[in-house]
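Hi,

Here is the structure I said I would pass on. Have a look at it first, and then read my notes below.

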Amino acid sequence: MSDESSPRRRVNISDLNWLGKSVYVGGAVMRLTANLIDSTAKRVTKIAAESKQAFDREMDPNMEDARVLEEYPSSGSPDAE
């Protein structure tokens, strides 16, 4: 077991051999990937929660359905003269 009270030793990357540099870079890539997955999961969770709230709001029986009050032909349609 490691002693938690001992200070951590700082190592410069230039002092590492090729194996140490490979492990360092691999750890950095793994940390970056984990952060990206975490932020993506948080974003997906937020979108899912907002979608459910919007769906529940539309299923409210107290809300009326949308009605078209007035229609105007668009300038690009063949019916517009």
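Ile13, Tyr24, Val25 and Val29 make a nonpolar surface patch of about 370 Å². For patches, residues need over 30% relative accessible area and no salt bridge; like charges are joined within 9 Å, and nonpolar side chains (Val, Leu, Ile, Met, Phe, Trp, Tyr) within 5 Å. The areas come from the Shrake-Rupley method with a 1.4 Å probe, and for residues only the protein chains shown count as cover.

Two points on where this comes from: it is a predicted model, so local features need pLDDT of at least 70 and side-chain atom pairs count only at pLDDT 80 or more, while totals for chains, interfaces and linings use all residues. Residues are numbered from 1 along each chain as its sequence is written, and side-chain values use heavy atoms, with hydrogens and water left out.

Ile13 sits in the segment before helix 1 (18-58); helices here are DSSP runs of H or I with at least four residues, strands are runs of E with at least two, and both are numbered from the N terminus. Ile13 counts as partly exposed because its relative accessibility is 41%, given that buried means under 20% relative accessible area, exposed over 50%, and partly exposed in between (1.4 Å probe, protein chains only). Beyond its neighbours within four places in sequence, Ile13 is in contact (heavy atoms within 4.5 Å) with Lys21 and Tyr24. Ile13 and Tyr24 are 11 residues apart in sequence, and their C-alpha atoms are 8.0 Å apart in space.

Next, the charges. Side chains of opposite charge can pair when their charged atoms come close. The structure holds 2 salt bridges, each defined as a side-chain nitrogen of Lys or Arg within 4 Å of a carboxyl oxygen of Asp or Glu.

- Lys42 pairs with Asp38, with 3.5 Å between the closest N and O atoms. Both lie in helix 1, 4 residues apart, about one turn of the helix. Lys42 counts as exposed because its relative accessibility is 56%, and Asp38 is partly exposed at 41%.
- Lys52 pairs with Asp56, with 3.0 Å between the closest N and O atoms. Lys52 and Asp56 are also both in helix 1, 4 residues apart, about one turn of the helix. Lys52 is exposed at 52% relative accessibility, whereas Asp56 is partly exposed at 39%.

As for the chain as a whole, there are 1 helix and 0 strands.

Cheers
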